[in-house]
Every structure is written in structure tokens, then in C-alpha cells.
Amino acid sequence: MTCLVLGIGLIGGAAVGSWLTADSADATPTAEAAFAKGHDVWHNTPVDTLFPRTVNGLGVGPGGADRTWTRIAVAPDSGCTDAYDPKLAQAFAKAGCTRLLRATYVDATRSSVITVGAQTTKADQAGMMALNTRFSTKSLGTRTDLLPLPYAVKGTPAAGFGRAQRASWTVRVLTDIPVIVYAVSAFADGRAISEPQPAEAATRPGATTAPAESGLGHDAKDLADRVEAAFRKASGSPTQTTEAAP
């Protein structure tokens with residue numbers, strides 16, 4: 001009888017232990033743990049998770065229109081050289097660059113192209129907070145001399161996507177994970193844009209600029225939202241809302 005009781009006790013203890021382990025695995029990680037995990041998302045997460053082949057945006061376009069984007073190119077993971085206008089690169093320099101991931105999308109009408117990217121930095125939490133504060137207080141996210149560069153690929157609708165074609169953009173310095181997310185959009189016909197407009201301005205109700213009415217602001221904003229959310233989810237970050245762009 002004693003052996004039977006001990007056996008039951010051991011089995012019960014093992015079961016409790018497994019439940020506790022499962023609960024621990026399912027628990028939301030601390031902010032510190034999520035930030036640390038964020039350093040490795042770029043190589044621990046499938047590209048199709050971070051940059052889905054197809055992105056459906058229900059009601060996110062101008063006037064609440066549905067939008068759909070298809071991925072047409074993925075850049076080899078790389079450093080951050082030649083990814084930004086010089087002044088934007090300088091603004092990011094202190095945070096460092098572990099890796100840059102980029103993909104380019106085309107909308108369902110094949111009239112707009114969008115490059116979306118995510119830079120994993122070497123900064124700690126304090127460093128990301130300081131960079132975010134600098135972008136916010138100095139309005140660096142709205143300056144037309146601090147834009148990300150597109151990723152253009154021959155033989156795709158984005159073949160003619162260069163510096164002069166950039167129409168709308170957004171840059172987000174996240175603070176819960178060491179990642180900077182950006183997106184930049186253009187007309188697929190290669191027309192030059194003399195006055196690009198930040199996505200946050202181009203998506204405001206009543207905006208009548210070309211980037212606003214064409215949905216290029218929505219393209220940049222909404223694809224950046226999706227990639228931002230994907231990196232946060234992969235990091236286990238408890239932060240669910242998108243970062244307010246500077």
C-alpha cells in the first residue's frame with residue numbers, strides 16, 4: 001500500500017509539474033524578455049510570417065475601401081548601408097544595425113508599389129526610448145530629406161521605383177523591441193513626385209493630395225502596421241497597439 005501511495009504521489013507531482021511548465025510557457029513574457037527576444041526575431045522567424053505573401057486590409061483604404069497587397073520581392077537580409085537618405089542614416093547611426101529585412105509589395109490594381117522594411121538595432125531599451133523621443137520632439141519622421149529608400153527589382157512592377165518616385169512614407173522607432181519599421185510607397189508607373197507626403201498626413205480625413213487620394217499614404221501606413229505587429233508578436237511583446245509615428 002505504501003508503494004502504491006508513493007507511486008500515485010509521484011505521478012501527481014509530475015502532472016502538476018507539467019501543468020506548471022505549460023502555464024509558464026504560455027505566460028506573456030516580461031517587457032525585458034520580449035525586448036531581448038526582439039534582437040533575434042529577424043533570423044528566428046520565417047520570412048512569410050514577417051512579410052506575408054499576401055496582405056488583406058479590410059476597410060483600411062481611402063474612404064474605408066478594402067486593400068490587398070501582394071509581395072513581389074524580398075531583399076536578401078543585409079546591413080543598413082544604402083537603405084536610407086544620408087540624414088536618416090545618420091539619425092539611426094547611434095542605435096546601430098544588426099540586420100535589415102525588406103520586401104516590396106504591389107497593390108491589387110498594380111498601380112502602387114510599396115517597400116516595407118525592419119531594422120533590428122543594437123540599442124538597449126533606453127537607447128530606443130531616446131531615439132523615439134528625438135524623432136518625436138524634432139519631427140524627424142515628417143522631414144522630406146529623411147526618407148527610406150525603396151527596394152526595386154528588375155522585371156517587377158517596382159522596377160522603376162527610385163528616389164524620385166517616393167510619394168509617401170512612415171518611419172516608426174519602436175520602444176518595446178529593438179526594431180525600426182518603415183514603409184515607402186510610389187505610383188507603379190514610375191512618375192516622379194515633387195512633394196512626398198508623410199503617411200500620417202496623407203491618411204487624415206479630407207486630405208486631397210495625390211498620395212492621399214491615390215491611397216499611397218494608406219499603403220505605407222497599413223503595411224508598416226502589419227510588419228510592426230508581426231515583429232511584436234514574434235517577440236512576445238505585450239504591446240498590441242501600433243507605435244505612434246513621430
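The model is predicted, so local features need pLDDT of at least 70 and side-chain atom pairs count only at pLDDT 80 or more, while totals for chains, interfaces and linings use all residues. Residues are numbered from 1 along each chain as its sequence is written, and side-chain values use heavy atoms, with hydrogens and water left out.

**Helix 6: length and end**
- Helix 6 has 13 residues (125-137) and should span 18 Å at 1.5 Å a residue, which agrees with its end C-alpha atoms being 18 Å apart.
- Helices here are DSSP runs of H or I, at least four residues, and strands are runs of E, at least two, numbered from the N terminus.
- Just past helix 6, Ser-139 has a positive phi of about 55°.

- Met-128, Leu-131, Asn-132 and Phe-135 are the buried residues of helix 6 (under 20% relative accessible area, with exposed being over 50%, using a 1.4 Å probe and protein chains only).
- They sit on the same side of helix 6, because they cover an arc of only 100° around the axis.
- An α-helix has 3.6 residues a turn, so residues three or four places apart point the same way.
- Turned away from that buried side are the exposed residues Ala-126 and Thr-137.
- The buried residues pack against helix 2 (31-38), helix 5 (86-92), strand 5 (168-173) and strand 6 (179-187), with contact meaning heavy atoms within 4.5 Å.

**Largest pocket**
- Helix 6 gives the largest share of the lining of the largest pocket, four residues.
- By class, that lining has five nonpolar, two polar and two charged residues, with Gly counted as polar.

Technical notes
The expected span of a helix is 1.5 Å times one less than its number of residues. The arc is that of the directions from the helix axis to the C-beta atoms.
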